[in-house]
Amino acid sequence: MKKRNIILGSLIAAVAITSYSVSGTYAKYTSTVSVTDTARVAKWGIASADKTINLFSDSYTNAQSNADVTAANDNVAKIVAPGTSGIYAFDFNKDYAPETDYIVKFANNGSTDGTNGKIKYFVTKVANTAAVTDFDTLFPDGTTSYATVDALVAQMSTLSATPVEAGTVDTSVYVIGWKWDFEKMTDDGTGGTIADTATDTSDTNLGNATTLAQVVLNIKMIVEQYQD
């Protein structure tokens, strides 16, 4: 009986020693890696500012370069009249390329036309300032015209609907044109045309009004970051 106890005790001791020996070799690999990066805000570079343009003038010339319509000397102001027209070319970002994609939009910002629609508007988009010439070259007969500023703005937005890629300097130039037809021609019934007397009368009434009507063109141009 004593002999069996001694043998059992020896086995327990052997197991304990083996277990301790194995546990003492347990370990794991450990490493520390720091991940870091630095960024700055992408430059936009386009400031918001109101701009006065020279679409209208205080005098207009005919083909012989003689003054056709000129504001009175004691009342120099921008004027419009039958037979006058004008253009204004502008860009928005000729020198800097935003670091994001961007798109241009237009909106009517409270334009008014006291001539009751005598003014017709035109617009085109050309590649650069070198392509800006005179009214008749840019807007020859048959060019689509717009009777309201809202319609003009809608067409301008169509012309600018393609986004510009980041890092690209857009040299495009928008040219707005306007014209007050000298006279409106109608069918004279014999295959020819004749000046419409009703139009002549309404033109004359505008020019003789006690308070002369005004034409105000106020268009807002919005340049926005673009993401499709």
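How much space lies in the second largest pocket?

1. The second largest pocket holds about 400 Å³ of space. Here a pocket is an open set of points on a 1 Å grid over the protein atoms alone, where a 1.4 Å probe fits, with protein on both sides within 12 Å along at least five of seven lines; lining residues have an atom within 4 Å of a point. A volume is the space filled by probe spheres set on the points, which are joined across faces, edges and corners.

2. The model is predicted: local features need pLDDT of at least 70 and side-chain atom pairs count only at pLDDT 80 or more, while totals for chains, interfaces and linings use all residues. Residues are numbered from 1 along each chain as its sequence is written, and side-chain values use heavy atoms, with hydrogens and water left out.

3. A search of the whole structure finds ten aromatic pairs (rings of Phe, Tyr and Trp, the last by its six-membered ring, with centres within 6.5 Å; planes under 30 degrees apart are stacked, over 60 edge-to-face, the rest tilted). Phe 90 and Tyr 174 are stacked, at 5.8 Å centre to centre and 25° between the planes. Since Phe 90 lies in strand E3 and Tyr 174 in strand E7, this pair ties together parts 84 residues apart in sequence. Strands (E, at least two residues) and helices (H or I, at least four) are DSSP runs, numbered from the N terminus.

4. Phe 90 is buried at 12% relative accessibility, and Tyr 174 is buried at 1% (buried: under 20% relative accessible area, 1.4 Å probe, protein chains only). Ring pairs link Tyr 88, Phe 90, Phe 106 and Tyr 174 into a cluster.

Definitions and conventions
Buried < 20%, exposed > 50% of the residue type's maximum accessible area, 1.4 Å probe, protein only.
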